[in-house]
Amino acid sequence: MSEQKKHQSIEEKQYLVRFNADTKSHLHVKDEDICLTKCPDKICTIFCPAEIYKWEDIRMHVGYEGCHECGSCRIGCPHQNIKWEYPKGGHGIVFRLG
Amino acid sequence: MSEKFDAIVVGAGPAGISCAYDLAKGGANVLLLERGEYPGSKNVMGGVLYRKMMEDVIPEFYKEAPLERPIVEQRFMMMDKESAVTFGYKGMEWGKEPYNNFTVLRAKFDQWFAEKAVEQGAVLINETVVLECIVENGKVVGVRTDRPNGDVYADVVVLADGVNSLLAQSLGFHKEYKPDEVALATMEILKLDKKVIEDRFNLEDNQGCTIELFGDATKGILGTGFLYTNKDTLSIGVGTLLSGLIKHKIRPYDLLEYVKNHPMIRPYIQGSEPQEYLAHLIPEGGYNSMGKIVGDGVIVIGDASQLVNAIHREGSNLAMTSGRLAAETILQAKEAGDFSERMLDEYRLKLLNGFVGQDMKKYKDSTHHFDKFPQYFDQYIPMMNKAASQMFTVDGSSKWEKQKKIWSDIGSTKEKMKIARDFYRAWKVIK
């Protein structure tokens with residue numbers, strides 16, 4: 001048994017999860033301009049439990065491959081700016097335990 | 001897939017499988033569609049499965065189902081930063097038949113449960129997303145899937161597609177949820193030696209313990225944490241309203257790490273190995289957020305209809321009961337050859353008049369109340385801890401002096417009145 005590490009990063013957590021990613025994204029930012037000009041907080045980059053939303057200078061990068069399909073971004077986006085669909089059948093996250 | 005079924009159930013979770021099981025058992029030709037690789041692969045819960053509602057579907061299921069541990073102790077920790085006031089109940093009657101509840105790992109359990117539905121005659125098709133309901137003349141007549149030539153028809157479609165019920169939403173049954181109507185829960189499965197678990201939680205073989213965490217576990221935001229014992233793993237998690245995370249700009253996985261490293265929790269999980277990390281939404285709007293759940297040729301069950309009792313961390317049991325009642329109604333409708341909303345409304349009536357509806361109504365204002373008045377979590381729990389510390393610290397002052405000090409620390413008469421009023425209000429919303 002190893003010592004409990006003080007803090008486990010989200011990257012380490014995501015590494016524990018099995019994903020069968022589709023080749024195309026099931027998440028789309030509807031209007032990129034809204035993130036750039038109307039959304040100073042970019043709160044999706046904070047509350048997404050898999051940190052798949054990352055702000056890169058002028059645009060939102062969506063790492064859909066690590067999505068838990070929880071739906072938080074669709075509901076929590078203050079501008080309802082995320083088009084959220086389920087990944088193609090059999091794709092996306094595959095929970096093995098919980 | 002051009003065949004027509006008596007019923008199509010969308011989603012193989014506790015609600016959908018219960019419904020498909022009872023429909024198949026009752027002689028209906030039922031198709032159960034699951035978008036994941038296998039039932040359970042998309043499903044998450046803290047881990048408590050209630051025996052009674054599961055037995056209403058499969059009697060004595062505990063003799064063969066893949067369960068973790070029957071729960072013999074339920075503890076509640078009211079946490080401050082470096083302390084906790086703990087209470088709970090442990091009873092040996094919960095450790096033997098007929099049991100009260102069990103911890104389960106959903107990926108295993110849901111697969112087993114779905115197989116039982118298949119044994120009854122349900123047709124299970126995995127890896128299939130339902131894109132929309134096929135509606136003709138205002139009546140749902142089937143579903144459009146993401147498979148080639150993927151239209152399937154049925155007399156009735158049961159939506160058991162979970163908290164993100166895009167299908168119920170697109171039928172106009174409920175509006176998009178707001179961030180204060182859903183909780184975002186993150187959890188981890190931690191591997192730990194069976195014997196170590198039993199020692200740490202004061203358990204014997206085939207006994208389990210659940211600990212619910214309030215207060216500092218969520219940094220005072222409305223929500224709860226939990227720590228449950230499985231056979232040779234622990235499930236640890238934390239859930240708060242999405243609106244709380246947004247308001248306080250908290251990363252959910254940071255909150256989970258905070259709980260794992262809390263001095264009241266760390267000793268329980270020390271030395272364990274994380275096996276899986278999971279995130280999921282819980283519908284917590286309660287009765288007031290329930291939309292329409294019956295239409296012509298369509299019924300909504302489980303999380304898709306907001307059936308969660310957040311105060312008592314119940315959900316899978318409400319889901320199973322809703323699935324069972326939906327099946328009952330559909331079998332009657334089949335007999336009568338009538339799948340109209342009027343006929344299917346019997347499901348809604350049975351659900352709302354039974355324990356599910358009673359409990360949903362009882363706690364209908366609780367989420368909103370505790371969200372609106374955060375002092376319960378961020379002030380009164382720390383206050384309770386401070387009082388316990390003062391009372392139980394032996395420092396030479398008399399117990400009368402201690403009581404006097406505790407009483408004066410609570411604040412002025414005006415503040416005491418406010419607390420009394422808050423407790424009265426809290427009692428009113430949960431009574």
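I set the terms before the helix: helices (H or I, at least four residues) and strands (E, at least two) are DSSP runs, numbered from the N terminus. I took the expected span of a helix as 1.5 Å times one less than its number of residues. This is a predicted model, where local features need pLDDT of at least 70, side-chain atom pairs count only at pLDDT 80 or more, and totals for chains, interfaces and linings use all residues. Residues are numbered from 1 along each chain as its sequence is written, and chains are lettered from A and ligands numbered from 1 in the order in which they are written.

Entry on α1(B). I looked up helix α1 (residues 14-25) of chain B: its 12 residues reach 16 Å from first C-alpha to last, close to the 16 Å expected. I called a residue buried if 20 or more other C-beta atoms, placed from the backbone, lie within 10 Å of its own. By that test 11 of the 12 residues of α1(B) are buried, including B:Cys19 and B:Tyr21. I counted a contact when two C-beta atoms, placed from the backbone, lie within 7 Å. The cover over the buried residues of α1(B) includes β1 (4-10) and α9 (316-336) of chain B. Just after α1(B), B:Gly27 has a positive phi of about 95°.

Entry on the contact. Chain B gives 49 residues and chain A gives 34. On the side of chain B that touches chain A, β15(B) supplies the largest share, nine residues.

Entry on β15(B). Nine of its 11 residues are buried, so β15(B) is largely enclosed by the rest of the structure. I found β11(B) antiparallel to β15(B), joined by 10 bridges (strands pair at two or more DSSP bridges). B:Ala185 stands opposite B:His280 in β15(B).
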